[in-house]
Amino acid sequence: MDDSAALSITGTSGAGGDRVDFRNGTFHGPVVGSLVTQPRYQAPRPPASWPHQVGTLPLPAACLQDRSETALITEALAGGGAAVVTSTTAVMAGLGGVGKTQLAAHYARMAWQAGELDVLVWINAATRNTIVAGYANAASELLGAACPDDPERAAAAFLAWLQPKAGQRPCRWLVVLDDVSDPANLNALWPPPGSSGSVLVTTRRRDASLTVGRALVSVGVFTRAESLAYLRDTLTGRPEPQESLDALAEDLGDLPLALSQAAAYITDTRIGVDEYRQRLARRTTALIDMAPDSLPDGQNLTVAATWSLSIERADTLRPVGLARPLLHLAAFLDGSGIPETVCTSGAARVYVAARRAPAVSSTPADSGVDTDDAVGTGKATAQDVLTALSALHRLSLVEFSSDTYGTAIRVHQLVQRAVRDSLAGLGETAARAAADSLGSAWPMVESDTHLAQALRANAAALVRCAGESLFRPAVHGVLFRLGRSIGESGQVVAARDHFRSLVSRIEATDSPRGSDVVSLLYARQELAYWLGASGDAAGAATMLARVVGEMAGLRGAEHPDTLVFRGNAATWRGHAGDAAGAAADFADLVELMARERGPDHPDSLTAQANLAHWLGVSGDLGGAVRVAAGCLAERIRVLGEDHPDSLVARGTLATWRGRAGDAAGAAAAFAELLESMERTLGSDHPHTLTTRDSLAHNRGEAGDAVGAARALTALLADRVKVLGSDHPETLATRGNLARWQAESGDVTGALRVAAELLADQIRVLGPDHPDTLDTRHNLANHRGGAGDPVRAAQELLEVLKDRVRVLGEDHPHTLISRSCLAHWRGRAGDARGAVGAYSELLEHMLRVFGPDHPDTLIVRANLARSRGDAGDVGGAVAALAELTEHAVRVWGEDSPHTLTARSNLAFWLRSAGDFAEAVRATRQLLADRTRVLGADHPDTLRTRSNLAHLQGEEGDPAGAAASLAELMERMVPILGADHPNTVATRRNLAHWRAKAERGGQGIAD
C-alpha cells in the first residue's frame, strides 16, 4: 500500500457512517462514535554521519573566563587531548549561578573543535521528560529511528546504541546532561558503562546517588583574580579604580552570575561601581532591584530568583518543611562559618518547628518524601535539623562539612541576601530568632577559642544585617554577650568601643523607659568596665559612681542590682589607686549585703572576697588573710569544698598568705588546690590555668626561680592553646615568664621575651594600656639587671612620663616607676640624685598610702641605702635601724620585708666599720632566714655569702674561702652554674683563696 491509498474506518453506527480519510497524516472528516487511535508513521530518515552534534550548546558568555575547573573536568573525563576510549562520568555540582553550564559548554566546545569527539549530545536535564525527549531526538538523528508516540522506546534505543558493537567502528561520544534537578530523574537513563564515550552532568545536587562511583567536580565561585579579570573585561573603557572592582567582587562574593548582572546594570544605568555598591548596601534595597532590565548572556533568571526553586525543592525533602526556616536563621549569620551548635540549639529548634512549612501537595509520588512528616508537629529534634541541613547541602544551598575546628555551615552571602529579601514582614522575627540561637549556643566559659571566635563573627554579622530588630521590643542580650566575649578574648579596646556604640544607640532611643532604661544602665556598667580594662580606671570609677546613683534612683539603694553596681564601682575605685577607699566601700557593702541578702548569699561571699583583696592591696596583709580565711570557711559550709567558688576562695587565701610572707606555704596550698581544680573543673578551665600561674609565682618567691620559669613556659603553651595568643591572660603569663627568667639568671632570655611581649601588647592593647606600660617598666628593669643602668634609667623616665599622663601622679604604678627610676639613677652613678628622688617619692607614699604600707617601708629602705651610697653611712645605719623596728612592729619579726630590712642594716653596719655588730646581725639573720625561708632559698644563700665576706674581712680569708666553697656546692644545683649569684660567688671564692694563699686581706665583690 502506498502513501496515497485511502484508509477507511467504519464507525459503530453502521455502514452508512461518515468516512474518515488519512492522507499523509491529514484528517479529512469527523469521526462518529468510538475512535480507534491509529499509530503515526514517519518516513525513516538516514542516520546522520559523524561527526554530529545533537542539541544546541549555550552561546559562550561574554568575557568567558578560563577557569581551573576546566582542567578538573578534563582530568575527570580522561580526555587530556586524546581520544576517549573508556566510558567515564563527571558530575559538576555547585550553587546556582557559579557557571556550571558555561563550564560544561566550554569543555564540550573545546573537545568538539579539537576533533576529539564523533558525537556530541547536549540535553536539558531539568526534568525526566526533557531527558527522555533529548535522548529520543538523538535517536532520531543518529539512528534514523523516529518514534514520536513512544519517546521512552526511542530513548532506550539511543542508550543501546551508545554501547559499542563488535566489529563496528567505536564512536567517541560525549553526552552533557545540563541542570539535573533530581537524581531520580536519571533512573534507568544513565548511559551504559564500559562504552567509548563520556557523560558530563551539571547539577546543584550532591546526593550520593549522583556522585558515588562517579567523578565529582565541585564548582565554586570565581577566584578573586577571575572576578577582577571579568569585571575589567566587561567594564572596558570605564576608569574604575582597582580597589573599587575588588570591593565589588567582595560584595558579590565572586559569584559569576551576580558579577555579570551587576556589570550589565552598571553599563545600562551608566553609574559607577562605587554608586552600585552604595545602592546594594542599603538595607531597604532588594536584590532584585539591582538586576538589569535585560539579562546578559542568555540568562533567564535574576540573581534573586536563582535559588527559589532549589529552596522549594529542599523543603520537600525529609524532614519536610524545615529547610526554609533554617535558611531564615542562616541568612542573618556569618555565611563563612555558622557553628552547627547554633543551628541545633534549643532556640533554633523552637523557631524552625514553629515556621515549619506544611506538606507540598505537588510533591512527586516517586520522590521518597514521607508527606506525613511535613505536618507541623510543634517540635524539631537536633537530628531533624542536621538532616535538613544535609538536604540544603545536597542542593548546594549550603556547605555543611567538618573542618579543623568542628562542623560548620557556610552560605553564600547573596543566598543570604535573597532569603532576607523574601522574608518581608517576618524579618525581625527571624533576626531575633537568630540572636536567640546564638545566645543559646554561647557557652558561659569560652574554653574553645575557635568556637568563641566563630560565635563573635556570627554575632557581628547579625548586628550588621538585623537593623533595628535587636532593639525591638527590647535590647537583645546577645549584644551584651558579644561585647563581653570580645573583651574576654583580649580585645579590650574593641570591647570598650562596642559598648560605647551600644550605649549611644540606646541613648538615641526616644525617651528610653522600662526595660530600655535598665538595659542602658547595664550597658553603661559594661562600658565602664571595659573603659577601665583598656586603661582608664579613673574614668571607669567615675562612670560607675554615676550609674550607681541612677540605679538607686530607679530601683532603690538596697536593690540587688544596685548592690552589684556598688561593688563594681568600689573595684574600679581601687584600680584607680584608692585601695583603702575600695576596702572601706567593700566593708560597708559586706554589712549591707549580709543584712539585705543574707550572709550566705553568693553576692555576700563575693563582697567578702573583694574586701580581702583590697585590704591586702592597701597594705593590711593580716586583715586580708583573716577575711579570706573567713570567706573560705563560709563558702565551704554553704557550697561545699568542690564548688568552683570554694576553689577560688582557696586560691584567694593562698595568695594573701604568700604576700604576707609565707611563699612556701602558699606554694604548697596552690599545689594541693591545683589537684582539686583539675579533678573538678578540668585541666583547661581558666581557673585551673590561673592556679598554675599562682603556683609558679609562689614557687619562685619561695626560692625556686628556675622551677617557676619552667612551669610558666609550660603554662604559656597551654594558655595559647586554650585562650589564644592575644588573650590578656596569655600576655600576662609571658610577662611573668620574663620576670622569673631574669630571677633565675637568664637575663638575656628575659629581655627577649619582654621585648616580644611589648610589641604584641602595643598591637593588641595599645601603647597606653596599663599592661603595656607595665611591660615597658619591666623591660627597663631587665636592662638594668643585664648591666645597663644608664639605659634602664632613660627608659624608666619615659615610662614615668606616660604613667603620669595615663594613670596620674599618685597611682601605685606611677609611684613604682618613680622608685625604680631612682634606683637605676643611683646604680648609674648619681647617688645624690637617687637620694633626692627617693626623698620626694617618700612624701608621695606617706600621703597616698600612709607610713605603714609595705611599699612605703620599701621606699624608706631604698632611701637609706641611697644615703649610704652618697656617703652618709651613719645616716643610712640610723635610718635602717629605725626602719627595722618599724617593720617588726608592722609586719612581724619573720616577715620577708623585715628580714630584708635587717639584711640592709647589717650591710651598712659593715660599711660603717662595725664589723662585730655586722657579723652578729648577719649570723642571726642567717639563722632566721634558714628557719623562715629554708636553707636553699636564694635570700638564705645570699646571707651565707655575706657572712663569708665578713669572715674574710675580719682576717680569716681561708675560712671565707672554705665557707664559699661549701656554698658553691649548694648554689650550683639550686640556681645553676650561670646564675648571677653563682657567678659572683665563684669570683669571690677565687678572691679569698688568692688572699689566703698570699696570707693577705682584701675586700671581695
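**View A. Helices α6 and α7 and the contact between them.** Helix α6 (residues 224-234) and helix α7 (residues 242-251) pack at an angle of about 120°, with their axes 10 Å apart; here axes are lines fitted to C-alpha atoms, for helices over the stretch in contact, and angles run from 0 to 180 degrees between N-to-C directions. Helices (H or I, at least four residues) and strands (E, at least two) are DSSP runs, numbered from the N terminus. The two helices α6 and α7 are therefore oblique to each other, given that angles under 35 degrees count as roughly parallel, over 145 as roughly antiparallel, 65 to 115 as roughly perpendicular and the rest as oblique. The crossing of α6 past α7 is right-handed, a term used if the near helix is turned clockwise from the far one by less than a right angle, and left-handed if anticlockwise. On the α6 side the contact is made by R224, S227, L228, L231 and R232, and on the α7 side by Q242, L245, D246, L248, A249 and E250, where contact means heavy atoms within 4.5 Å. These residues of the contact of α6 with α7 divide into five nonpolar, two polar and four charged; Ala, Val, Leu, Ile, Met, Phe, Trp, Tyr, Cys and Pro count as nonpolar, Asp, Glu, Lys and Arg as charged, and the others, Gly among them, as polar.

The model is predicted, and local features need pLDDT of at least 70, side-chain atom pairs count only at pLDDT 80 or more, and totals for chains, interfaces and linings use all residues. Residues are numbered from 1 along each chain as its sequence is written, and side-chain values use heavy atoms, with hydrogens and water left out.

**View B. Helices α18 and α19.** An angle of about 160° separates the directions of helix α18 (residues 478-488) and helix α19 (residues 492-507), whose axes are 7 Å apart. That makes α18 roughly antiparallel to α19, and their crossing is left-handed. From α18 the contact draws on L479, F480, L482, G483, R484, I486 and G487, and from α19 on V492, A494, A495, H498, F499 and L502. By class, the residues of this contact are nine nonpolar, three polar and one charged.

**View C. Helices α29 and α30.** Helix α29 (residues 705-723) packs with helix α30 (residues 728-743) at an angle of about 165°, and their axes are 9 Å apart. The helices α29 and α30 are therefore roughly antiparallel to each other, and α29 passes α30 in a left-handed crossing. In α29 the residues A705, A708, A709, L712, T713, L715, L716, R719, V720 and L723 meet E729, T730, T733, R734, N736, L737, W740, Q741 and E743 in α30. The contact of α29 with α30 comprises 10 nonpolar, five polar and four charged residues.

View D. A cavity is, on a 1 Å grid over the protein atoms alone, a set of points where a 1.4 Å probe fits but cannot get out, and its lining residues have an atom within 4 Å of a point. By this rule the count comes to four cavities of 30 Å³ or more, and the largest cavity holds about 90 Å³ of space, where grid points are joined across faces, edges and corners and a volume is the space filled by probe spheres set on the points. Its lining consists of 14 residues, of which Q261, Y276, L287, M290 and V303 lie nearest the centre of the cavity. Helices α8 (256-269) and α9 (273-281) each supply at least two residues of this lining, and α8 gives the most, with three residues. The lining divides into 12 nonpolar, two polar and no charged residues.

View E. A cis peptide bond with omega of about -10° joins R318 and P319, and P319 is found in the loop between α10 (308-316) and α11 (323-330). Another cis peptide bond, with omega of about 0°, joins R472 and P473, of which P473 lies in the loop between α17 (449-466) and α18. S396 has a positive phi of about 60° although it is not a glycine, and S396 lies in the loop between α14 (382-394) and β10 (399-403).

Methods. On a 1 Å grid over the protein atoms alone, a cavity is a set of points where a 1.4 Å probe fits but cannot get out, and a pocket is an open set with protein on both sides within 12 Å along at least five of seven lines; lining residues have an atom within 4 Å of a point.
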